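Colleague: Please take me through the helix packing and the loop residues, with the criteria behind each term.

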Amino acid sequence: MQSIDPRSQDETSRSLINSRIQAVLDHGQTIMGPEVAELEQRLADYTGARHCITASSGTTALAIALMALGVGPDDDVITTPFAASAAAKAIVLVGARPVFADIERATCTLDPQLIEGAITPATRAVIPVSLYGQPPDMDAINGIAARHGLAVIEDGAQSLGATYRGRQSGNLSTIGCTSFFPTNPLGCYGDGGALFTNDDALAGAMRDIRMHRQARRHADHRFGHDACMETLQCAIVLARLERFDWDIRQRRRIAAAYDEMLQPHLPVIGCRSDRTSACAGYAVLVEQREQVRAILEHAGVPTAVHYPVPLHRQPAYARLAPDTSCPVADAMASSLLSLPIGPHLAAANVRHAVQCLLHAKGPLQARGVESVEL
């Protein structure tokens, strides 16, 4: 059993992945081959967005989005302190300053009620980040942004395949971004990302930036990146996309079983009723986390602590925002524990993980787990 096992996705798709890779090797177009356009069209159709532009990584996709919006030096961008550093890093890479607003306790995503208090005269955009597969409260965030003339960039690295009020993640704001890093629900064999928008002008700008495209040879009309997603990686994502909906259903089934067995005993990061999750992770709040982890590890149950130090506490970002206060992010960082999840995780392993966790909390609480159906 592994905490997150991207290799398990290949067990039932190996022949399709191999044939997709062989097709690229046969035609030899390793940069901007036909699989790139095919994947962009498939993902645009999947999300309902008018445009999809692939990129070399999720972080690069976020940076391209900011550049297309004209965000740069002397600008502020509001984001969450409780996530991987991709959004904050992209903000810094374009010369802007990340401004952190605290998170909701129930979802660990950016708290819309705290955004207006973080807005400065220099604020140009907001980057809410999906967590554990669940999108943030995007309508509330979009509404606040619209009142203040701000763009919203959805960082949906963990939530491709999730929905918010019936709409697909990736198509919830001015620009949506995702990542195909191997541990994400739809991953490749290296790295890759994508941007989504319904704005034709922004789509054109993002394509230009992605390939530092020239209006004519030796006549750059904007700065850009050498940031194309490799054709091989697009081919692998295309193969995995064939079973992606099944994968998401299986992840949700496992998350629902965890909920049924754990919610009577432990607080969990659950999914709100107005959205669905891609179940990129499953997290519970525990006291004496390291002691609990040691007990689970001894029992053969792998766990993970994904965000032990919030971004506003990390040296690079603390220097930019020394007075930031995010008490909810601090509290979550000290107590959240991620359990194994994945589309091929066996029911016996799920029950074993729950039994060991509840036994670590108190032996009597582990009763009744065997009766839960998966």
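**Helix contact and loop residues**

Modeller: Ile64, Ala65, Met67 and Ala68 of α3 touch Leu202, Ala205, Met206, Ile209 and Arg210 of α6, where contact means heavy atoms within 4.5 Å. Sorted by type, the residues of this contact are eight nonpolar, no polar and one charged. This is a predicted model, in which local features need pLDDT of at least 70, side-chain atom pairs count only at pLDDT 80 or more, and totals for chains, interfaces and linings use all residues. Residues are numbered from 1 along each chain as its sequence is written, and side-chain values use heavy atoms, with hydrogens and water left out.

Colleague: Why is α3 called oblique to α6?

Modeller: The axes of α3 (residues 58–68) and α6 (residues 200–210) cross at roughly 125 degrees and come within 9 Å. Therefore α3 is oblique to α6, given that angles under 35 degrees count as roughly parallel, over 145 as roughly antiparallel, 65 to 115 as roughly perpendicular and the rest as oblique.

Colleague: What makes Tyr132 buried?

Modeller: Its relative accessible area is 8%, so Tyr132 is buried; the term means under 20%, with exposed over 50% and partly exposed in between (1.4 Å probe, protein chains only). Tyr132 lies in the loop between β4 (123–127) and α5 (138–147) and has a positive phi of about 55 degrees, although it is not a glycine.

Colleague: Is Gln288 buried or exposed, and why?

Modeller: Gln288 is exposed, because its relative accessible area is 59%. This residue lies in the loop between β12 (282–285) and α9 (289–298), and its phi is positive, near 50 degrees.

Conventions
Axes fitted to C-alpha atoms, helices over the stretch in contact; angles between N-to-C directions. Helix = DSSP H or I, 4+ residues; strand = E, 2+ residues; numbered from the N terminus. Nonpolar A, V, L, I, M, F, W, Y, C, P; charged D, E, K, R; others polar.
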